[in-house]
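This report covers salt bridges, nonpolar cores, helix packing and backbone geometry in one structure. Please read it beside the sequence and the coordinates.

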Amino acid sequence: MTPAHQTETLAELVCSNTFKSVEPMHAHGLLKAEMRLLGSIVLQAADQARIPGGSALAVDRVVFAKTVEARVVGHPNVTLVRGEVTSLPSPAVIATGPLTSDALAEAIAARLGVTSLAFYDAIAPIVSADSLDYGRLFKASRYGKGGGDDYWNAPLTQPEYEAFVAALIAGDQYQPGHEFDKVPYFEGCLPVEEMAQRGLETLRFGPMKPVGLVDPKTGREPYAVLQLRQEDRAAQMWNFVGFQTRLKTGAQQKIFRTIPGLEQAEFLRFGSIHRNSYLNAPQALTPHLSARDDQQLLFAGQLTGVEGYTESAATGMLAGLNLARLLAGEAPVLPPATTMLGALYRYLRESEPARFQPMNANFGLMDPPDPPIKDKFAKKEALARRAMQDMAAFAQEVVEIPA
């Protein structure tokens with residue numbers, strides 16, 4: 001067992017006991033709805049183990065794990081073998097999660113390349129483009145490099161900056177509950193709150209450096225700047241440059257929304273720093289998440305660079321489907337990128353390898369409606385409706401689901 005597990009039951013939930021929202025207007029709810037169309041046994045088990053949790057799919061951990069295990073070992077074609085795996089068999093699906101053992105991690109690195117495997121997350125928040133107040137931001141690249149206006153910049157005055165630093169220092173931080181999650185900080189990848197504690201001016205000479213950025217509204221450099229970098233082709237997601245953080249999600253929303261232009265920011269991904277073995281999927285894997293030299297050696301779950309129970313289960317389900325197809329002599333398949341699951345797979349295959357970081361399900365991954373819709377709720381409604389239609393068609397073509 002890993003240091004996080006307490007039982008030998010399959011599908012033990014080691015962190016939260018919730019699979020997040022079931023509302024289809026929420027990204028995780030949409031992904032679940034798509035998974036149901038594909039016949040997910042994980043969601044079937046979650047339904048049987050469900051406990052009150054509002055719009056979240058919260059479960060009794062023990063009932064859930066036992067239900068999944070009973071479904072697996074009860075299948076006539078499944079033999080459960082317990083023991084440590086230290087090599088990469090083929091055909092196989094490798095889904096070892098964030099706490100891959102040292103021996104197996106070494107085998108993966110040797111097979112896919114040493115640079116293909118990371119051992120901790122250092123993630124900055126991502127916000128939705130629709131939620132930014134562009135009247136308070138300005139477009140520019142430092143010293144006019146690149147396209148000259150590649151970044152959105154949030155300028156801060158001295159009082160705004162000093163208040164922001166004070167809030168960072170006082171912010172509620174995530175405290176690791178396990179020894180394995182106590183990641184050592186690297187000087188080139190410090191949490192912003194750690195930098196703030198090193199002195200009032202530290203951030204202003206680091207990720208909030210204003211040098212080379214002239215605010216056209218004032219004709220001079222601001223006192224400090226938060227830069228936002230485009231994260232996707234459609235410019236729907238914007239990443240906080242250099243803002244990895246261990247603040248809790250509530251603190252991130254409260255503190256980062258004090259930055260000018262981000263008062264109504266919708267967070268598509270929160271920042272984090274924690275222990276997490278994951279592959280550089282766009283560099284090391286094929287579009288259906290197999291080794292490049294062996295289509296029948298597939299990877300799934302958090303190891304591939306997705307975040308969360310639901311996302312991990314979804315990739316595992318698709319990996320199983322594709323391995324079955326490959327063994328039957330058929331080509332692997334992927335859902336269209338208009339679905340949440342398909343959009344996640346597109347992110348894993350098309351991200352820039354040098355900047356790749358794990359990602360959770362969010363509407364920013366999906367292509368915007370055509371024609372564009374300004375109202376946020378109506379836009380998500382249109383995206384969800386399109387996704388369900390396209391996933392239903394995909395499921396009908398590729399999945400045989402028992403009645």
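D294 is buried, with a relative accessible area of 18%; buried means under 20% relative accessible area, exposed over 50% and partly exposed in between, computed with a 1.4 Å probe on protein chains only. D294 forms a salt bridge with R111, the closest N and O atoms being 4.0 Å apart. A salt bridge here is a side-chain nitrogen of Lys or Arg within 4 Å of a carboxyl oxygen of Asp or Glu. The pair links distant parts of the chain, with D294 in strand β14 (residues 294-299) and R111 in helix α4 (residues 102-112), 183 residues apart. Helices (H or I, at least four residues) and strands (E, at least two) are DSSP runs, numbered from the N terminus. R111 is partly exposed, at a relative accessible area of 31%. A network of salt bridges links R111, D293 and D294.

The model is predicted, so local features need pLDDT of at least 70 and side-chain atom pairs count only at pLDDT 80 or more, while totals for chains, interfaces and linings use all residues. Residues are numbered from 1 along each chain as its sequence is written, and side-chain values use heavy atoms, with hydrogens and water left out.

**Further salt bridges**

A search of the whole structure finds 13 salt bridges.

| Pair | N to O distance |
|---|---|
| D47 and R36 | 2.6 Å |
| D294 and R111 | 4.0 Å |
| E263 and R136 | 2.5 Å |

The side chains of D47 and R36 meet in a salt bridge. D47 lies in helix α2 (residues 41-48) and R36 in helix α1, so this pair ties together parts that are 11 residues apart in sequence. D47 is partly exposed at 37%, and R36 is partly exposed at 38%.

The salt bridge between E263 and R136 links distant parts of the chain, 127 residues apart. E263 sits in the loop between α7 (249-256) and β11 (267-269), and R136 in the loop between β6 (126-128) and β7 (138-139). E263 counts as partly exposed at 29% relative accessibility, as does R136 at 37%.

**Packing of α1 and α10**

The axes of helix α1 (residues 27-37) and helix α10 (residues 340-350) come within 8 Å and cross at roughly 105°. Axes are lines fitted to C-alpha atoms, for helices over the stretch in contact, and angles run from 0 to 180 degrees between N-to-C directions. A27, L30, L31 and E34 of α1 and M340, L341 and L344 of α10 make the contact, where contact means heavy atoms within 4.5 Å. These residues divide into 6 nonpolar, no polar and 1 charged.

In α10, 9 of the 11 residues are buried, so the helix is largely enclosed by the rest of the structure. The cover over its buried residues includes α1, β11, α8 (281-284), α9 (309-327) and α11 (376-398).

H28 lies in helix α1 and counts as buried at 6% relative accessibility. Leaving out residues up to four places away in sequence, H28 touches K20, S21, E311, N360 and A361.

**Nonpolar cores**

A nonpolar core is a set of buried Ala, Val, Leu, Ile, Met, Phe, Trp, Tyr and Cys residues joined through side-chain atoms within 4.5 Å. Of the 63 residues in the largest nonpolar core, F64, I108 and F299 touch the most other members. Apart from its neighbours within four places in sequence, F64 is in contact with A11, L13, F19, V42, A45, A46, A49 and V59. A second, separate core has 32 residues, including A124, W152, F240 and A251.

**Backbone geometry**

Most residues other than glycine have a negative phi, and most peptide bonds are trans. The peptide bond from S90 to P91 is cis, with omega near 5°, and P91 is found in the loop between α3 (61-73) and β4 (92-94). A cis peptide bond also joins D370 and P371, with omega about 5°; P371 is in the loop between α10 and α11.

K20 has a positive phi, near 70°. K20 lies in strand β1 (residues 18-21) and is partly exposed at 43%. A235 has a positive phi near 55° and is placed in the loop between β9 (224-230) and β10.

Conventions: Ala, Val, Leu, Ile, Met, Phe, Trp, Tyr, Cys and Pro count as nonpolar, Asp, Glu, Lys and Arg as charged, and the others, Gly among them, as polar.
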